[in-house]
Amino acid sequence: MGLFDRFKLNKRTVVDENDLNDVLLKALLSGEPITRENALTLPAVSGAVDFISGTIASMPIKLYKRSKGIVKEADDVRVKKLNVDTGDTLDGYQMKKAIVEDYLLGKGGYCYIEKEGNDVKALKYVPDEYISILRDPNPLDKYFTIMCEAQEFQAYEFIKVLRNTKDGASGVGLCEEVSKALETAFNTLKYQLMLVKSGGNKKGFLSSQRKLGQEEIDLLKDAWANMYANDESNVVVLNNGLTFQEASNSSVEMQLNESKKTLHDEINNIFHISDDYYDTFKKCIYPIVRAFETALNRDLLLEKEKDKYFFKFDVKEILKANTKERYEAYKIAKEIGLKTINELRNDEDLNELEGLDVIDFGLASVLYNTETCEYFTPNTGAVKIADVTEDADGNTETTEHIEM
C-alpha cells in the first residue's frame with residue numbers, strides 16, 4: 001500500500017455500530033422498516049386504531065331494499081352474520097374491528113364468504129398476513145386470485161376492504177405509507193425506555209491522573225455497568241485520581257417532551273383525528289364506513305340484487321348530539337315533513353303511538369298518513385287516498401282518488 005493510499009484510508013469515515021451508544025441514533029441508522037407490532041406499541045397509534053376500529057365495529061350494518069323510490073329495511077340472514085353470529089369464532093363486532101385494523105395498518109381487511117349455493121353460511125375473517133395475491137400482469141384486465149393457506153380463491157369469494165388500492169386486490173397500510181414518521185416515533189419511545197432503564201443517569205466519561213491497568217479498567221467497567229442496570233447496586237466508588245465528568249444533554253434529551261407532543265399531533269393528523277368529534281367523523285370515520293359499505297355491496301350481494309338492495313351502516317347512535325340539539329333537529333325534520341312523529345320516537349327507541357304516522361306538510365294544511373296512504377286537508381275536509389300495489393317482482397304502482 002502506497003503513501004497516497006494510506007492517506008485516503010486515514011481520511012475515510014467509518015461508522016462502527018459498536019461505537020454508537022445512542023439507541024435512537026442506532027435505530028435511525030439501521031433503516032429497518034416499522035412493523036405493525038412496533039407501531040401499535042406507540043400509545044397514540046394504538047389509541048387511534050382502537051378508537052376508529054371500535055367506533056365502526058359498534059355501528060350495526062343494515063340491508064335495505066329500494067323500489068320505486070321507496071326504501072325499506074330488509075330482513076336477511078346476512079345482516080345477522082355481519083352483526084351477531086358470523087358463523088366463525090369471531091362475533092360480528094370482533095370481525096368488523098379486525099377488518100378495520102387490517103385496513104389501517106396492513107394491506108387490507110379480508111373476509112371469506114362461505115356459501116352453500118347462493119346462501120351465506122359464514123363470514124370468516126382472515127388476517128392479512130395469510131393473504132397472497134396472484135395478479136395478471138396485464139394492467140388493463142387487473143385480474144387476480146387470492147391465495148390463502150395454499151388454496152386459491154376467486155376475488156368474489158372474499159370481502160375486501162382496501163385502503164389506497166390501485167388494483168382492487170390489496171391496499172397500502174399506514175405502516176408502509178408513513179413508515180418514517182412511525183419509525184421516528186417508535187425509536188423515540190425506545191430512547192425513553194433506555195433512559196428509564198438507566199435510572200435517569202446521564203452519560204459521561206471518567207478521567208484518571210495516571211494510566212490504569214487492564215484489570216482496573218475491567219473492574220471499573222463492571223461496576224459502571226451494574227450502576228446503569230438500575231438494580232440494588234447504585235454506587236460506584238472512585239479511587240484516588242479518578243473523576244467523573246457528566247456529558248451535556250443531547251438535543252434529543254433537551255427536547256424530549258416537545259418531540260413527544262409533536263409526534264403525537266402528527267400521528268393524530270395521520271389518522272385525521274381532532275378535538276372536534278363531528279369533524280373527526282367526517283374526515284376519519286366516514287371514509288372507512290363508505291369503503292366498507294362499497295365492499296359489502298360488491299361482494300356480498302348477488303348480481304341480481306345489486307339494483308335493488310344495498311348495505312349501510314347505521315351511524316345514528318354515534319352521531320347523536322346532546323338532548324337540546326337532537327330535539328331541535330327533530331323539530332325541523334317534523335316541520336319540513338321529513339319524518340313522522342312515530343319515526344322520531346323510533347329514533348329515540350320509544351314505542352310508536354297510534355295515529356302519529358302522519359307527515360305535516362306545513363301550515364297544518366295537509367296531513368299524510370303513512371299507514372293508510374291517505375292525504376287529509378283540514379281546510380276542505382277532503383281525503384285523498386293513494387292505493388299502492390306491488391307486483392311479484394317488487395315493483396310498486398300508485399293510484400289516487402279523492403273522497404269528500
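This is a predicted model: local features need pLDDT of at least 70, side-chain atom pairs count only at pLDDT 80 or more; totals for chains, interfaces and linings use all residues.

User: How do you know that strand S6 and S7 pair, and in which sense?

Analyst: Pairing calls for at least two bridges between two strands. Strand S6 (residues 144-148) and S7 have four bridges, in the antiparallel sense, so they count as paired under the cut-off of at least two. Among the partners, Cys148 is bridged to Gln151 in S7.

User: What makes S5 and S7 edge strands?

Analyst: The open sheet has three strands in the order S5-S6-S7, with antiparallel pairing. Strand S5 (131-135) and strand S7 (151-154) each pair on one side only. From one strand to the next, the twist averages 35 degrees.

User: Why is Asp102 called buried?

Analyst: Buried means under 20% relative accessible area. Asp102 has 1%, so it is buried. This residue is found in helix H6, and among the residues it touches, not counting those up to four places away in sequence, are Arg36, Tyr125 and Asp128.

User: Why is H6 described as largely enclosed by the rest of the structure?

Analyst: Because 11 of its 14 residues are buried. They include Gly92, Ile99 and Leu105.

User: How do you know that the span of helix H6 agrees with what it should be?

Analyst: At 1.5 Å a residue, the 14 residues of helix H6 (residues 92-105) should span 20 Å, and the end C-alpha atoms are 20 Å apart, so the two agree.

User: What caps the N-terminal end of H6?

Analyst: Asp91 does: one of its side-chain oxygens lies 3.2 Å from the backbone nitrogen of Tyr93.

How values were computed: Residues are numbered from 1 along each chain as its sequence is written. Side-chain values use heavy atoms; hydrogens and water are left out. Helices (H or I, at least four residues) and strands (E, at least two) are DSSP runs, numbered from the N terminus. The expected span of a helix is 1.5 Å times one less than its number of residues. Buried means under 20% relative accessible area, exposed over 50%, partly exposed in between (1.4 Å probe, protein chains only). A polar contact is a pair of N or O atoms within 3.5 Å; within protein, one must be able to donate a hydrogen and the other to accept it, and residues adjacent in sequence count only if both atoms are side-chain atoms. Contact means heavy atoms within 4.5 Å. Axes are lines fitted to C-alpha atoms, for helices over the stretch in contact, and angles run from 0 to 180 degrees between N-to-C directions.
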